[in-house]
Structures are given as C-alpha cells and as structure tokens.
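Take a walk through this protein with me. We start with the whole chain and then stop at one residue.

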Amino acid sequence: MISNALRRVSLGDVPVATPTGRLVGASGLLLEATGCTLRTGQRCLIETGGGEGGPAEWMAAQVVGFRDQIAYLMPFKKPDGLASGARVLPAPERSTLMIGPQWLGRIVNGLGEPIDGLGRLSGDLPLQLVPPKVNPLRKKPVQQPLDVGVRAINGLLTLGRGQRVGLMAGSGVGKSVLLGLITRNTVADVVVVGLIGERGREVREFIDLSLGAEGLARAVVVVAPADESPLMRLRATELCHSIAAHYRDQGQHVLLLVDSLTRYAMARREVALALGEPPATRGYPPSVFSLLPELVESAGNGEGEGSMSAIYTVLAEGDDQQDPVVDTARAILDGHIVLSRALAERGHYPAIDVAQSISRCMALVADRPQQDLARALKQLMARYEQVRELMPLGAYVPGADPATDRAVALWPRIEAFLHQGTHEGAPLAQTQARLRELLA
C-alpha cells in the first residue's frame with residue numbers, strides 16, 4: 001500500500017497546467033511575448049501557422065531580455081509564419097548534449113545538431129553549453145612550443161600550447177587561407193573549427209581543401225554561416241569553445257580555430273542594438289567589449305595535462321589596425337599576427353608583417369639562441385625597409401653602413417625564408433635549422 005507521504009510527492013510532481021504566453025509584437029528579429037514568466041537565456045517555442053486544420057508548427061527561440069511584463073525573444077532561424085497572439089511555451093528542459101570520440105569527423109550547427117547527413121551524434125559525457133571558466137591561479141602555464149607548420153610563425157613568432165592568438169587583416173588578404181595552412185600542419189590531437197558568419201561557399205571549400213579527409217578525421221566543425229540568425233552565430237561560437245574545453249579536460253592537446261571573432265562581435269552588436277542598447281564606438285554597444293574577454297578567457301590551458309590553443313581571425317575593416325574590435329582583441333589575446341595587403345599585392349604568401357606582429361609567449365617556449373636569431377633577422381628586415389624605396393632610384397650607395405649592406409645582400413634569402421606555398425609544411429625543427437643557416 002502506498003504511504004500518504006509518497007502519494008503526496010507523486011501528486012506534486014504532476015503538472016496541473018502548462019504556462020502559456022502570447023506573441024504581442026515582432027520587429028525585425030526581435031519578438032515580444034507576454035502572459036508567462038520567462039527567464040533570460042531560457043529557450044521557448046513559438047507557434048507558427050500550420051495551415052487550416054493542420055497541426056501547429058513550432059519555432060525555437062531564446063529569451064534575450066525583458067521590460068516590465070514583456071519578454072524579448074530572438075529566434076534561432078528566420079521568423080516566418082508568425083501571427084499576433086500566437087502561443088509561446090517555455091521549452092521543456094532539453095536533455096544535455098552528450099559528447100565523446102564519436103564527434104570527431106562530424107559537422108554540426110550552433111545547437112549541436114549534425115548537418116553532415118551522417119546520422120545522430122552520441123557520446124558518453126555531458127557537454128556544457130556555456131564555455132567553462134578556469135580559475136586563473138590554477139591554469140597550467142604555457143611551457144611547450146606549438147608547431148603550426150608556418151615558417152614565419154615558427155621561426156620569428158613562435159607560439160606555445162595554450163596560447164591565444166589573433167590573425168588580423170582586412171578583407172581578401174588571406175586570413176582564411178593561412179588558417180587552412182595552420183589547420184593542416186599544426187601538431188594537435190583534436191582540432192575544433194568554428195566557421196562563424198562567413199560565406200556559405202567557403203564552408204565546403206574549407207572542409208574539402210583546407211581540412212581534407214585526414215584533417216576532418218581528427219576535427220569537429222561548428223558551422224553558422226552569414227545567413228544564419230545572430231543568435232545562432234553566438235551559440236555556434238560558444239559551442240566550439242565548449243567542445244574544445246571538453247577535449248582539453250580529457251587530457252588532449254586541442255587547437256581551436258575561430259573564423260571569425262569579428263563576426264561574433266557583429267552578432268553581439270545586432271542583439272544589443274535590437275534590445276535598445278545605445279551604440280558607442282563605431283556602432284558597437286559597450287556590452288560587446290565586455291563580452292569579448294569573457295569568451296576569449298574560456299580558451300587557453302586548464303588545470304589538467306591537456307592544452308587548448310586558440311587562433312582567431314579578426315577582420316580589420318578598411319585595413320584599419322585601430323578598428324575597435326581589432327584593438328580590443330589585440331589587448332586581450334596573447335599575441336597577434338598582422339597580414340599586410342602590400343605584401344599580398346606583391347605576391348608574397350603568407351603576407352605576414354613580421355614587424356607589426358608579436359607572440360607574447362615566445363620567450364616562454366623558445367630558447368635564447370632562437371630568440372637572438374629572430375631578433376637579428378627582424379633588425380635586418382628593418383634595415384632593408386629603410387632603403388627599399390631608394391634602390392630603384394639609384395640613391396642607395398653601398399659601403400656607407402655595413403649592417404644595411406648585409407641586409408641588402410641577404411634580402412633574397414630572407415624573402416625566400418618567409419615565403420611559403422599554400423600546401424607546403426615547415427616543421428618547427430626544420431625552420432629553426434634553416435634560420436640558423438640563414439644567419440650563419
């Protein structure tokens with residue numbers, strides 16, 4: 001016989017009503033609902049037209065703010081078929097995404113749903129949808145070099161495992177191509193790629209040409225192209241950080257690639273402006289610049305033996321290196337690699353401007369002889385740049401400065417060292433040996 005206490009508990013667990021709200025406004029991507037209590041960040045379902053006599057269809061959305069009794073929602077997909085007074089239901093608590101080795105080689109959207117047609121995803125461990133935070137005093141320091149297979153970076157801007165770096169350039173200078181070269185050649189157990197807000201055409205190209213079958217086998221690709229809603233682009237960026245952090249905490253060496261951080265900031269701007277936040281710097285509301293560090297700080301090393309290196313592409317609008325997003329990224333990242341349009345126009349690939357680039361962790365992962373060689377090569381490049389424009393005019397006279405004469409004599413070899421084909425790998429040890437030979 002069931003006891004009275006157990007009977008009371010069982011009856012209390014039975015819902016007596018389903019809270020239902022109503023859609024009262026729609027302006028662009030921002031929807032307004034009232035009639036039920038909704039929490040910020042909560043997912044909900046909005047009724048769309050299912051046709052006369054047909055079953056109701058539902059659209060997923062997320063609560064992004066509220067004012068008085070009105071909750072502001074933003075849909076994950078294009079809001080078609082909405083009507084005034086449509087029902088709004090709080091979505092049932094979704095089962096947590098489960099992740100495991102089965103995710104490697106798969107392509108998902110911002111909600112973790114597979115879009116590669118290879119069936120459902122499964123796993124044995126729950127995945128946090130919000131990127132985890134690590135106590136800064138417990139983070140494992142950057143101590144080992146990261147071999148990215150790019151000669152200019154390995155030799156002169158050596159990166160470390162757990163470092164976070166930005167690839168900064170204007171449009172069409174070669175950020176995505178360089179990112180593909182790094183993807184193919186970096187020594188890592190797992191590669192997590194976030195293609196955020198980019199052209200849909202580039203998604204297939206990046207997977208087929210940059211990753212390839214071998215690269216995709218050890219990668220997880222999260223896709224939210226430019227035609228997705230800003231909310232989906234935000235979720236996709238956060239999801240790829242969560243996936244990378246999961247594999248890092250499992251003791252693996254992870255490389256996180258996000259193309260691009262600027263598109264994430266733009267999506268944040270769209271959401272904030274829709275909610276009525278006033279624009280500040282070049283149309284970006286203040287909240288964007290407070291949320292960028294929160295995202296970036298979730299990358300990097302954790303407490304265990306695994307590592308999480310992150311490379312973000314950052315679009316400099318109009319080639320302006322003082323663009324607010326570029327400037328903010330430069331301040332919060334552990335280094336930046338600047339791509340020069342002038343070098344790209346001369347056919348120099350990768351178009352890395354070594355003089356404007358820096359790796360803040362190079363002193364931690366490169367020995368003193370390599371640091372001295374890198375410094376000496378940068379000095380020679382600076383000497384050559386001082387007389388570059390004088391040489392075609394015949395105004396440069398050898399013999400006045402031995403250091404400048406040496407820079408001019410070595411320039412063809414320096415340029416050959418910095419130049420690299422799009423499918424040419426340059427391992428770290430090989431690069432160091434070639435650098436010593438160049439300056440011997």
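The protein chain holds 13 helices and 18 strands. Both are DSSP runs, numbered from the N terminus: helices are H or I with at least four residues, strands are E with at least two. This is a predicted model, where local features need pLDDT of at least 70, side-chain atom pairs count only at pLDDT 80 or more, and totals for chains, interfaces and linings use all residues. Residues are numbered from 1 along each chain as its sequence is written, and side-chain values use heavy atoms, with hydrogens and water left out.

Now the overall dimensions. Along its principal axes, the C-alpha trace spans about 100 × 50 × 40 Å. The chain has 440 residues, and 50% of them are buried. Buried means under 20% relative accessible area (1.4 Å probe, protein chains only).

Next, look at contacts, meaning heavy atoms within 4.5 Å. Take those between residues at least 6 apart in sequence: 70% join residues at least 24 apart.

Charges come next. The chain carries 45 positive side chains and 46 negative ones. Lys and Arg count as positive, Asp and Glu as negative; His and the chain ends are not counted. The centres of the two sets lie 3 Å apart. Each charge is placed at NZ of Lys, CZ of Arg, CG of Asp or CD of Glu.

Now zoom in on V108. This residue sits in strand β8, which covers residues 106–108. Why does V108 count as buried? Because its relative accessibility is 0%. Leaving out residues up to four places away in sequence, V108 touches several others, including W103, P114, V222 and L239. S340 is 232 residues away along the chain, and its C-alpha atom lies 33 Å from that of V108.
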